[in-house]
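The following note sets out points on the overall fold and on its principal pocket, for a reader who wishes to check the computed values.

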Amino acid sequence: MTESSLPPRPAAFSYPGHGPNARIGVALCHGFTGSPLSIMPWAQHLADLGYAVTVPLLPGHGTDWRQLALTGWKDWYRSYEKAFLDLAGRTDACFTAGLSMGGAIALLAAARYPVAGVSVVNPGLSFYDWRVRIIGLLKYVQRTTVPLQEDQTNAPATDDGDYSLTPLSAVHELKKLFAAAVRGLPRVDAPVQVFKSRTDGVVPPTSMALLRKGLGANLAEVMDLASSGHVATLDVDAPAIFARSGEFFAAHARRTTSLETP
């Protein structure tokens with residue numbers, strides 16, 4: 001295998017923007033144990049439209065599960081926050097966006113800073129597994145678990161690193177992140193666009209219920225994804241996500257943003 005034929009490795013992505021959309025920023029966030037590879041087609045589509053785009057690689061991600069075990073939810077959030085603030089500082093209107101856990105992080109940033117809008121794909125705010133209720137104790141008895149696998153998905157696998165195991169300490173941190181994001185929902189003062197797969201083996205329907213309750217009238221749009229699994233940004237409905245989110249950003253770009261906290 002030649003160097004040029006090697007699969008891409010997880011890395012942060014940044015694009016300065018061009019044309020009339022260059023002053024509109026979109027800060028994208030990947031999911032738990034994932035990497036920018038899972039949302040790179042989305043980021044590239046927005047860059048092709050001229051938007052200024054940033055996609056950080058969160059700490060403990062893109063490597064292996066042992067590194068993930070050394071990080072916490074505040075490390076993940078702050079990494080995204082830094083990328084968002086940098087982008088917001090050089091654009092007139094800045095959006096937050098993300099996939100799965102990245103959706104929770106994007107919503108939390110929108111609760112803490114003024115944003116032009118939020119676009120999230122299968123955002124995680126809750127869990128299927130009831131054992132998460134006792135994860136704070138369980139992590140001391142069981143160090144790791146096997147990652148969730150969807151039975152039906154058309155999304156290709158990405159080489160995000162060695163995550164053949166998931167540290168329960170990181171799942172506990174994920175639970176804390178979800179709780180912080182849920183508490184922040186009433187403080188989101190921007191339109192929120194949600195893409196939700198009908199069949200999602202990772203994020204339960206209760207996450208959508210929490211969004212509806214917490215966002216109220218700020219839940220501007222929910223798009224049903226009939227043919228995709230959890231990682232919909234790589235699945236059958238991906239083109240629809242890219243096109244509709246691009247339209248959403250263009251429609252709400254008139255909302256200028258500031259780096260000052262509310």
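1. Accessible areas come from the Shrake-Rupley method with a 1.4 Å probe, and for residues only the protein chains shown count as cover. On this basis the accessible surface of the protein is about 11,800 Å², and carbon and sulfur atoms account for 55% of that area.

2. The model is predicted, so that local features need pLDDT of at least 70 and side-chain atom pairs count only at pLDDT 80 or more, while totals for chains, interfaces and linings use all residues. Residues are numbered from 1 along each chain as its sequence is written, and side-chain values use heavy atoms, without hydrogens or water.

3. The radius of gyration (over C-alpha atoms) is 17 Å. The C-alpha trace spans about 55 × 50 × 35 Å along its principal axes.

4. Of the 262 residues, 53% are buried, that is, under 20% relative accessible area with a 1.4 Å probe and protein chains only.

5. The largest pocket holds about 1,300 Å³ of space. A pocket is an open set of points on a 1 Å grid over the protein atoms alone, where a 1.4 Å probe fits, with protein on both sides within 12 Å along at least five of seven lines. Grid points are joined across faces, edges and corners, and the volume is the space filled by probe spheres set on them.

6. Lining residues, which have an atom within 4 Å of a point, number 45 for this pocket; Phe32, Thr33, Pro147, Leu148 and Val202 lie nearest its centre.

Terms used: Rg over C-alpha atoms; globule rule 2.2 N^0.38 Å. Buried < 20%, exposed > 50% of the residue type's maximum accessible area, 1.4 Å probe, protein only.
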